[in-house]
Amino acid sequence: MAKESELTKILHQILEEAYKAGIEKSEEKRSGTLMHVDQTTLYSKVNESFMGKLELMDTKEALQRYSWLDNYRWKLVNRDKDKFTKKVAEDFSGGYFIRILPNAQVIFPLQSCLMITKTDLEQRVHNIIIAEEGSKAHIISSCIQHSGVEKASHLGISEFYVKKGAMLNFTMIHNWSEQTLVRPRSAVLIEDRGEFVSNYLCMRPVKDVQMYPVAYCNGKNSKVSFNSILYGHEKSLLDIGSKAILNGKGSRAEMISRAIARKGSNIIVRGMIEGNNPECRGHLECRGLIMDNESLIQSVPELIARKKGAEITHEAAVGKISEKEILYLMTRKLSEDQAISMIIRGFMDVGIMELPKALNEEVNRIVDFVAQAN
Amino acid sequence: MPLEAVSGKVKTVNLLEIEDLTVEVEGKIILSNISLRLKDKESYILFGPNGSGKTTLINTIMGMPFCKVTSGKIKFLGEDITGKNVEERANLGISVGFQYPPEIAGVKLSDLLKLYLGKDSKDDFSYEEKKLIEAFKLTDFLERDINVDFSGGERKRSEILQMIFLKPKLLLLDEPDSGVDVESLKLISNEIQHYIENTGNSAFIVTHQGGILGYIRSKHSCVLLKGGIHCFADPKQTYKTIKAKGYEECVNCQERITEAW
C-alpha cells in the first residue's frame, strides 16, 4: 500500500538528483526532511513519529521564532574569518536549523538536502544544529547540484552545538559538479560527555572544495571523530582538513581519512590535533591511494601538545595499491581488475563511520553506485 | 584419474609435474633443477628448514610474478602452465593457503567466502556452510576485514576455510601447522584430510614442525634443502630422521630414496 510521498510534489527532475545523492524516497524511514533549493527552503517536515523529539526549519524562520538563537549564530565561526564568511554574513538565503530536543533519541536519520539548479548561482546558507542535553541523533546532509548546471558556488556556514551527554553523528555527502566551487565553514562545540562524529563523503568530481572544520572539545570527556572518504577524479581539487582543540579533561579526538586520487585530481588531507589539557588523547590516520601519474595526494598532519600528559599520535601512508593484496585475491580466482576494484571498494569502507546498520547499508549503496559509475 | 592417449597406449596424466625447475627471486637462485610429480587424491608433505625455498616453491607453482622461472617447466593436468599468470592458474584449480596472507582493509571475510560460493553479498550462507564456519570458530570474523588484527591461528583457520570453499584441485598449504594451538591444529588437519577424501583433490603441504602428520594420512614426503630436493620417503619416517639427526642427514643418509614418487 504505497502512499504517495509528499516529496514527490517537488519537481521530479530535482528529486531524481536528490535520490542519487542519498535522499531516501520513503519518508517513513526518516525522522525528517528539509530541502533547500537555490535560495529558498522548499520543504521541511518532521515525520509524525518524531514530533516532540526534534525541530526542523529554515534558519531564517528559526531566527524569527527564537530570539535566543542569536547566542548561537556566528558564535563558533568568525564572521570575519575570510571573504566567504563575510559574504554569508552580509546576506544569506537561509539554511537549516535542526534542534534535537533534550534526551530525545532520533535513531533514524534526518535528511537535509541543499541543491543548486541555476547556473552561476552563489548559494549562501547558514546552518545551525543543536543537540540538546542527553539527545542522540544521526543526520545525513546531502549537497547536490542539478546536472544541467555548470558554474556555481556554495558557501555554507554550519555551527554545531553538542550539549552535555549528547551524541550527534553527522554525515555529509557532497555531489557537486565539475564546475562548482565549494566553501563550507564549520565548527562544533562539545560539552561534557558529548560526542560528535563527522562523516564526510565526496565521491563525484568537483572543481574545488576547501574546508577545515574545527571541533572545540571543551567538555570533560568530550569526544570528536572526523572521518572522510574522498574519491578525487576528473581534475578535482579537494583540500579537506579537520581540526580538534582538546581543552577538556579526558577529551579525545580521532581523525580517519581515506583518499583516492585519479585522473589528474589533487587531494590535500590536513589534520590538526591540539592538546591543551594534560589528560587528552588524539589520533590521526590518513591513508591514500594514488592511481596514476597525473594526480597528487598530500597528507599534512599537525600535532600540537601544550600540556605534559597530552597523548597525540598519527600515522599516514600514501602510495599505490599493494601488489601483494592484488596477487592474494588473484590466487582466489579474481582477475587483476576485479581484485583492484575489490581493494578500492574496501578502501572506501564506511565501517569507519560508526553508523547504525541501516544507515551503513545505505551509505554503502551510494558508494557502490558511484564506484560502479566509474 | 584423468587419462590421455599416447601413441595408442593409455597413460595417466599427473596432476602436477615439475621438470628440472630453476627459480630466481630478486636475481638470486632459490631453487635449482627441481623435479616433482603429484597425483590426484593424495597428500604430499614437503619438509625443509627455514630459508630452504619451500615458500618459493609454493609461490612458483601458483605463478607469483616475483618467482622467475629461468629454466624448466611446470605442467598441470598435462598442460604446460609455466607461462600462465596467477589468475589463470587459480582458474585451472590451483590455490594457496598462505602462511602470511596480506591484510586488506574493508574487504570482509564473508565477502570472499560468498564470492567463492558464487553468492551475492546479500545472500546468506546455507545451514551447512554456517556450521562449517562455526566449526572453524570464524563466525565472529565474518564481518571483519580480512586478516586485519587476526592472530596466527586465526589466519590459518581463515585460509583453510577459504580453501575448502574455493575447492581447488591442488591445494598448496604453507605451514598450516605453525603458530596454531593443539585444538585448531586437529580441526584444520582433519578438515584437510576430509577435503582430500571427499573431493579426490590433492594437497601439497609445507611443514617444518611436523605437527600436522598426526592427522593427515600421507604416504609421500620430500625434503627441500638448499634449493634442491633430497629423499622421497614416508613422511613419518622422514620426520623421525630429521628430528633425530637434523636435515643434513637427508642429504648424507645411506637409506635415502632418490627416486621420486
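B:Lys137 sits in the loop between helix 4 (127-135) and helix 5 (152-166) of chain B. Helices (H or I, at least four residues) and strands (E, at least two) are DSSP runs, numbered from the N terminus. The model is predicted: local features need pLDDT of at least 70, side-chain atom pairs count only at pLDDT 80 or more, and totals for chains, interfaces and linings use all residues. Residues are numbered from 1 along each chain as its sequence is written, while chains are lettered from A and ligands numbered from 1 in the order in which they are written.

B:Lys137 is not a glycine, yet its phi is positive, at about 55°. It is partly exposed because 15 other C-beta atoms lie within 10 Å. B:Glu26 has 7 C-beta neighbours inside 10 Å, so it counts as exposed.

A further loop of chain B, between strand 7 (79-80) and helix 2 (86-92), holds B:Gly83. B:Gly83 is exposed because it has 10 C-beta neighbours inside 10 Å. B:Gly214 is 131 residues away from B:Gly83 in sequence and 37 Å away in space, C-alpha to C-alpha.

Nonpolar cores were defined as sets of buried Ala, Val, Leu, Ile, Met, Phe, Trp, Tyr and Cys residues joined through C-beta atoms within 7 Å. The largest has 170 residues, and A:Val162, B:Leu172 and B:Ile205 touch the most other members. Strand 5 (residues 105-116) of chain A gives the most to this core, with 6 residues. Contact means C-beta atoms, placed from the backbone, within 7 Å. Beyond four places in sequence, the contacts of B:Ile205 include B:Tyr44, B:Leu46, B:Leu173, B:Pro176 and B:Ile216.

In chain A, helix 4 is mostly covered, with 6 of its 8 residues buried. Among the buried residues of helix 4 of chain A are A:Leu327 and A:Tyr328. Their cover includes helix 5 of chain A together with helix 2 of chain B.

Helix 4 (residues 323-330) of chain A packs on helix 5 (residues 336-347) of chain A at about 120°, with axes 9 Å apart. The two helices are therefore oblique. Axes are lines fitted to C-alpha atoms, for helices over the stretch in contact, and angles run from 0 to 180 degrees between N-to-C directions. Angles under 35 degrees count as roughly parallel, over 145 as roughly antiparallel, 65 to 115 as roughly perpendicular and the rest as oblique. Helix 4 of chain A contributes A:Glu325, A:Ile326, A:Leu329 and A:Met330 to the contact, and helix 5 of chain A contributes A:Glu336, A:Ala339, A:Ile340, A:Met342 and A:Ile343. These residues comprise 7 nonpolar, no polar and 2 charged. Ala, Val, Leu, Ile, Met, Phe, Trp, Tyr, Cys and Pro count as nonpolar, Asp, Glu, Lys and Arg as charged, and the others, Gly among them, as polar.

Between the chains, 18 residues of chain B are in contact with 20 residues of chain A. On the chain B side, helix 2, strand 8 (94-97), helix 3 (109-116) and helix 5 each supply at least two residues. Helix 2 of chain B gives the most, with 4 residues. By class, this side has 13 nonpolar, 4 polar and 1 charged residues.

Key:
A residue is buried if 20 or more other C-beta atoms lie within 10 Å of its own, exposed if 12 or fewer, and partly exposed in between; C-beta atoms are placed from the backbone. Two residues are in contact if their C-beta atoms, placed from the backbone, lie within 7 Å.
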